[in-house]
Amino acid sequence: MAVTKITGDTFELVKNADTAVVDFYADWCGPCGMLSPIVEKLSTEYENVDFYKVDIDADMDIAQIYRIVSIPTLLFFKKGEVVGQVIGYVPEDELKAEIDKAFA
């Protein structure tokens, strides 16, 4: 499964998913650009997890609701509730460990 870009109008997809990872990013953010291919790769490895991304410049309201102050920030949702987060760039193995912990 690929990473789906969502907006405030489509954020209900996250709340309706059993498990979801949401990548809050900005196009100008260097660490976001480094993390993006890792998130894309993991989206194909985790078949039971939905992956989304939110451009904080385009959808600042969502970022404010979830108190995103640093990017990249990944939030892990289980049935609409935040169950974990990763702030900043992390290597693939560390991100996998965080996803596994959040959805264990």
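## Close-up views of a predicted model

**View 1. Asp57 and Trp28 meet through their side chains.** A polar contact of 2.7 Å joins the side chain of Asp57 to that of Trp28. This is a predicted model, and Asp57 sits in its loop between β3 and α3. Is Asp57 buried, exposed or partly exposed? Its relative accessibility is 45%, so Asp57 counts as partly exposed. Setting aside neighbours within four places in sequence, Asp57 is in contact with Ala26 as well as Trp28. Look also for Tyr25: Asp57 and Tyr25 are 32 residues apart in sequence, yet their C-alpha atoms are 8.3 Å apart in space.

**View 2. Cys29 and Cys32 form a disulfide.** The structure holds 1 disulfide, and here the sulfur atoms of Cys29 and Cys32 are 2.5 Å apart. Which hand does this disulfide have? The torsion about the S-S bond is about 80°, so the disulfide of Cys29 and Cys32 is right-handed. Both Cys29 and Cys32 are buried.

**View 3. Two serines, Ser36 and Ser43, belong to helix α2.** Helix α2 spans residues 30-45, and Ser36 has its place there. With a relative accessible area of 17%, Ser36 falls under the 20% cut-off and therefore counts as buried. The side chain of Ser36 makes a polar contact of 3.3 Å with the side chain of Lys53. Ser43, also found in helix α2, is buried with a relative accessible area of 1%. What does the side chain of Ser43 have 2.6 Å from one of its polar atoms? There you will find the backbone oxygen of Glu40. For a sense of distance, Ser43 and Cys29 are 14 residues apart in sequence and 21 Å apart in space, C-alpha to C-alpha.

**View 4. Helix α4 has its buried residues on one face.** Within helix α4 (residues 92-102), the buried residues are Leu95, Ile99 and Ala102. Why do these residues line one face of the helix? Seen down the axis of α4, they fall within an arc of 65°, so they share that face. Which elements cover the buried residues of α4? The cover includes β2 (19-25), α2, β3 (50-55), β4 (73-78) and β5 (81-87).

**View 5. The largest nonpolar core has 20 residues.** Those with the most contacts inside this core are Phe11, Val14, Val22, Phe24, Val54, Ile71 and Phe77. At least two core residues come from each of β2, β3, α3 (60-65) and β4, and β2 gives the largest share, with 4 residues. Zoom in on Val54: leaving out residues up to four places away in sequence, Val54 touches Ile6, Phe11, Val22, Asp23, Phe24, Tyr25, Asp59 and Ile62. A second, separate core has 17 residues, among them Leu35, Val49, Leu95 and Ile99.

**View 6. Confidence is highest in β4 and lowest in helix α1.** The mean pLDDT of the protein is 94, and 99% of its residues reach 70 or more. Helix α1 (residues 12-16) has a mean of 87, while β4 has 97.

Methods
Residues numbered from 1 in each chain as written. Heavy atoms only, no water. Buried < 20%, exposed > 50% of the residue type's maximum accessible area, 1.4 Å probe, protein only. Polar contact = N/O pair within 3.5 Å; in protein donor to acceptor, adjacent residues only side chain to side chain. Disulfide = S-S within 2.5 Å. Arc of directions from axis to C-beta. Contact = heavy atoms within 4.5 Å. pLDDT = per-residue confidence, 0-100. Core = buried A, V, L, I, M, F, W, Y, C linked by side-chain atoms within 4.5 Å.
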